[in-house]
Amino acid sequence: MKTPEGRDGVEFERAIEVLEEETSVLWRRERTTSHALAKNVHPEMEPAAYGILTLLQREGSLRATDIALSIGVGKPSVSRQLAGLERLGLVSRQLDPNDARSQRVLLTALGEQQLAAAQAGRRTAFTTLMRSWNPDDVETLGFLIARLNSTYTKDTW
């Protein structure tokens with residue numbers, strides 16, 4: 001492992017170049033995967049809405065403004081996505097018990113069921129893809145991706 005002094009060196013710069021190239025490939029593949037997952041949840045669902053469903057699954061009910069802040073898009077975009085998800089029967093809205101002026105969005109039973117089925121398919125695909133990997137390497141990869149994700153407080157470019 002490199003010492004902190006190495007973070008400004010040529011080796012570190014090369015490592016960043018490799019990281020940029022490889023994450024670019026990974027994100028392109030993930031966009032394709034997200035599109036397929038969205039279609040697995042519902043054939044008419046937009047790919048961008050998949051992230052909203054997983055956020056609701058993880059956090060429970062949320063206000064639209066909280067969803068927008070969490071995924072880093074504007075409230076009009078979230079409102080449009082939520083309207084589509086509601087039309088498909090995947091989410092519903094209810095009055096916020098703490099603030100009668102606002103509504104909270106939550107997964108419906110159908111939304112939970114369809115999302116869980118899509119996620120099971122994704123886990124099966126990962127299992128098939130990574131069956132030859134050492135379990136410790138899979139765990140390390142998950143840890144490092146989580147660490148990378150935690151450094152994103154907002155886009156830096």
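Q: Why is R80 called partly exposed?

A: R80 has 47% relative accessibility. Buried means under 20% relative accessible area, exposed over 50%, and partly exposed in between (1.4 Å probe, protein chains only). So R80 counts as partly exposed. Before going on, note that this is a predicted model: local features need pLDDT of at least 70, side-chain atom pairs count only at pLDDT 80 or more, and totals for chains, interfaces and linings use all residues. Residues are numbered from 1 along each chain as its sequence is written, and side-chain values use heavy atoms, with hydrogens and water left out.

Q: What makes E46 and R80 a salt bridge?

A: A salt bridge needs a side-chain nitrogen of Lys or Arg within 4 Å of a carboxyl oxygen of Asp or Glu. The side chains of E46 and R80 meet at 3.0 Å, N to O. They therefore qualify. This pair links distant parts of the chain. E46, at 37% relative accessibility, is partly exposed.

Q: How many salt bridges does this rule give?

A: The count comes to 10.

Q: What makes R58 and E59 one of the pairs?

A: Their side chains meet at 3.4 Å, N to O. The limit is the one already given, so the pair is a salt bridge.

Q: What makes α5 a helix with close to the expected span?

A: Helices are DSSP runs of H or I with at least four residues, strands are runs of E with at least two, and both are numbered from the N terminus. Helix α5 (residues 109-130) has 22 residues. The expected span is 1.5 Å times one less than the number of residues.

Q: Which residues of α5 are buried, and why are they said to line one face?

A: The buried residues are G111, L115, A118, Q119 and M130. Seen down the axis of α5, they fall within an arc of 100°, so they line one face of the helix. The arc is that of the directions from the helix axis to the C-beta atoms. An α-helix has 3.6 residues a turn, so residues three or four places apart point the same way.

Q: What lies on the face of α5 turned away from its buried side?

A: That face carries the exposed residues A109, Q113, A117, T124 and T128.

Q: What covers the buried residues of α5?

A: The cover includes α1 (10-41), α2 (49-59), β2 (99-107) and α6 (135-151). Contact means heavy atoms within 4.5 Å.

Q: Which residues of α2 are buried, and what do they pack against?

A: A49, Y50, I52, L53, T54, L55 and L56 are buried. They pack against α1, α3 (64-71), α4 (75-87), β1 (91-96), β2 and α5. After α2 comes G60, with a positive phi near 85°.

Q: What makes W133, V138, L141 and I145 a patch?

A: Patch residues have over 30% relative accessible area and no salt bridge; like charges are joined within 9 Å, and nonpolar side chains (Val, Leu, Ile, Met, Phe, Trp, Tyr) within 5 Å. These four make a nonpolar surface patch of about 310 Å². Accessible areas come from the Shrake-Rupley method with a 1.4 Å probe; for residues, only the protein chains shown count as cover. V138 lies in helix α6. V138 has a relative accessible area of 33%, so V138 is partly exposed.

Q: Why is L129 called exposed?

A: L129, in helix α5, has 62% relative accessibility, so L129 counts as exposed.
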